[in-house]
Amino acid sequence: MCSGEISGWYCSGGDVDNPSICITQCGDNIKAGTESCDDGNLIDGDGCQKDCGFEPGWYCVTTPVFKCSEKFGDGLVVGTEVCDDKNLEENDGCSPTSTVE
């Protein structure tokens, strides 16, 4: 029988006749298994969804520390963006950093 946690995997059960069942735990800040990201929380709207998949409209880096920021100019208003006109041009009403001009 085994139980416990190993690098983002949580296992339980297991004996001579039945294998242990191991799953990942989204929200533990450890990217494991099929998780695309794991930012340590289960909150949508920050780049990493509560099911540990990337959210559209965000640019995320995973090393050295997982961090997401808004992807300006993609046409999606997310995070702190006030507008996003699908370009990075100035003087068109929405700035390259997605604020109203």
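**View 1. Glu81, a buried acidic residue without a salt bridge.** In this predicted model, Glu81 lies in the segment after strand 5 and is buried (under 20% relative accessible area, with exposed meaning over 50% and partly exposed in between, for a 1.4 Å probe and protein chains only). Glu81 has no salt bridge, and the nearest side chain of opposite charge, that of Lys71, is 10 Å away; a salt bridge would need a side-chain nitrogen of Lys or Arg within 4 Å of a carboxyl oxygen of Asp or Glu, and in this charge count Lys and Arg are positive, Asp and Glu negative, with His and the chain ends not counted.

**View 2. Polar partners of the Glu81 side chain.** The side chain of Glu81 reaches the backbone nitrogen of Val78 at 2.9 Å and makes a polar contact with the side chain of Ser98 at 3.0 Å (N or O atoms within 3.5 Å, one able to donate a hydrogen and the other to accept it, and residues adjacent in sequence counted only if both atoms are side-chain atoms).

**View 3. The hairpin of strand 4 and strand 5.** Strand 4 (residues 58–61) has Trp58 and Cys60 on its covered face, and Tyr59 and Val61 on the uncovered one; strands are DSSP runs of E with at least two residues, numbered from the N terminus. The two strands of the hairpin, with five residues between them, pair in the antiparallel sense over four bridges, where pairing requires at least two DSSP bridges.

Residues are numbered from 1 along each chain as its sequence is written. Local features need pLDDT of at least 70 and side-chain atom pairs pLDDT 80 or more, whereas totals for chains, interfaces and linings use all residues, and side-chain values use heavy atoms, leaving out hydrogens and water.
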